[in-house]
Amino acid sequence: SAPGSDSAGESRMIQYNDYVPLITADRENRANFKTLLSCVIPRPIAFVSTISATGVHNLAPFSFFNGVGSNPTAVVFSPCTKADGTSKDTIINLRAVPECVVNVVPYDIRNEMNQASTAYPPDVDEVDAAGFTPLPSRFVRPARVAQSPVQMECKLLQIVPVGDGPLSANICVCEVLCFHIASEVYVEGGTADVAKLDLIARLGGDDYSTIRDRFALPKPESGR
């Protein structure tokens, strides 16, 4: 049976008593980074398209990503500063053209998404280089990805730096201007069918997961 359940599948809590403390101040940044990635899981993937000041399309996946509110409707993602201390093209582009499209990543495009994660020169159109089909957006200049079943057109509200130098975070807070949901996964009322989306998530190292194993927990009544 799975950890935390008995042979009948009923939930039971495990109490842990022996812990290994890893004090971040005593460790290298890279070591802390690897620990963080192995513990904060699964992480959804923002497949972010941006455009440079000269009109070159960039496409890159980021797993420090989530939705954070609906007044305004907003998402955040964080392209970390490179190990050599330079900024990723996504950040450079957002500072020049403060718009982007956040595309979701289904299992079917996992290999092409992984290809887009490689470091291309800034003058390479990564949408084309990774084998994707660009679609025009309605409100922003960056392209949407036709192989993604959900795309979110966004305008950048702010970039919040956390730290400085290699592996430091650059939290991009973006307002969602428009959702594009493919009719194949659209649910009447304005949501997406989770099973049909078949999204993947990031784990530690080279590992990913799917969202195919799901369960429901009805919200408990107040005060119970």
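Begin by selecting β6 (99-103) and β9 (150-162), two strands (DSSP runs of E, at least two residues, numbered from the N terminus, as helices are from H or I runs of at least four), which pair in the antiparallel sense over five bridges; two strands count as paired if DSSP finds at least two bridges between them. Within this pairing, Val-102 stands opposite Met-152 in β9. This is a predicted model, in which local features need pLDDT of at least 70 and side-chain atom pairs count only at pLDDT 80 or more, while totals for chains, interfaces and linings use all residues. Residues are numbered from 1 along each chain as its sequence is written, and side-chain values use heavy atoms, with hydrogens and water left out.

Now select Cys-154, which stands opposite Val-176 in β10. Leaving aside residues up to four places away in sequence, Cys-154 has contacts (heavy atoms within 4.5 Å) that include Val-75, Cys-100, Val-140 and Leu-177.

Cys-154 also belongs to the largest nonpolar core, which has 22 residues, and is among the members that touch the most others, as are Phe-77 and Cys-174. Such a core is a set of buried Ala, Val, Leu, Ile, Met, Phe, Trp, Tyr and Cys residues joined through side-chain atoms within 4.5 Å, where buried means under 20% relative accessible area with a 1.4 Å probe, protein chains only. The largest share of this core, four residues, comes from β9.

Finally, select Phe-47, Ile-109, Met-113 and Ala-130, which are included in a second, separate core of 12 residues.

Conventions. Buried means under 20% relative accessible area, exposed over 50%, partly exposed in between (1.4 Å probe, protein chains only).
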